[in-house]
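Hi there,

Here is the structure I promised to pass on. Please have a look at it first, and then read my notes below.

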Amino acid sequence: MKQYFTHKWLTTAISFIVISSSLVPSEAFAGAVPVTPTREHILTALRLMSNSYSEYLCAKEIIRKESNFRTDARNGSHYGLAQGRSRYLATATYTQQLAWFYRYTRARYGDACVALQHHKRKNFY
């Protein structure tokens, strides 16, 4: 496990993994998996996908600036949490959107912190 995990956070992460991996939408009882994920669900997934705590913080800031943690955010031809220019993001789940975000930022910038620096200079990443 990553060094920045706290006991409380780890409990939340394990609960998230168990719920998201063991329930099929048709089998889920009401309220088990929210139709629209909460900010906490998104942040937990973001933490699990990050390589370091600093990358998590940078990614969190980009997502906040781009969509304010709204999975259905749209700005012209840009969709989702990361406001990527891919129609795939319009129908992707929040975990798929975050995976897309990390693949994109790592391929283009190396990590989310470099992408955030670019975003602060140019107002896009």
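Predicted model: local features only at pLDDT ≥ 70, side-chain atom pairs only at ≥ 80, totals over all residues.

Residues are numbered from 1 along each chain as its sequence is written, and side-chain values use heavy atoms, with hydrogens and water left out.

First, the helices (DSSP runs of H or I, at least four residues, numbered from the N terminus). The axes of α3 (residues 53-67) and α5 (residues 94-108) come within 12 Å and cross at roughly 110 degrees; axes are lines fitted to C-alpha atoms over the stretch in contact, with angles running from 0 to 180 degrees between N-to-C directions. That makes α3 roughly perpendicular to α5 (65 to 115 degrees). On the α3 side, the contact (heavy atoms within 4.5 Å) is made by E55, Y56, A59, I62 and I63, and α5 contributes L98, F101, Y102 and R106.

Now the cysteines. How many disulfides are there? The count comes to one, taking a disulfide as a pair of cysteine sulfur atoms within 2.5 Å. C58 is joined to C113, with an S to S distance of 2.2 Å. This pair links distant parts of the chain, 55 residues apart: C58 lies in helix α3 and C113 in helix α6 (residues 112-122). The link of C58 and C113 is right-handed, with 90 degrees about the S-S bond. Both C58 and C113 are buried (under 20% relative accessible area, 1.4 Å probe, protein chains only).

Best wishes

Terms used. Helix = DSSP H or I, 4+ residues; strand = E, 2+ residues; numbered from the N terminus. Parallel < 35°, antiparallel > 145°, perpendicular 65-115°, else oblique. Buried < 20%, exposed > 50% of the residue type's maximum accessible area, 1.4 Å probe, protein only.
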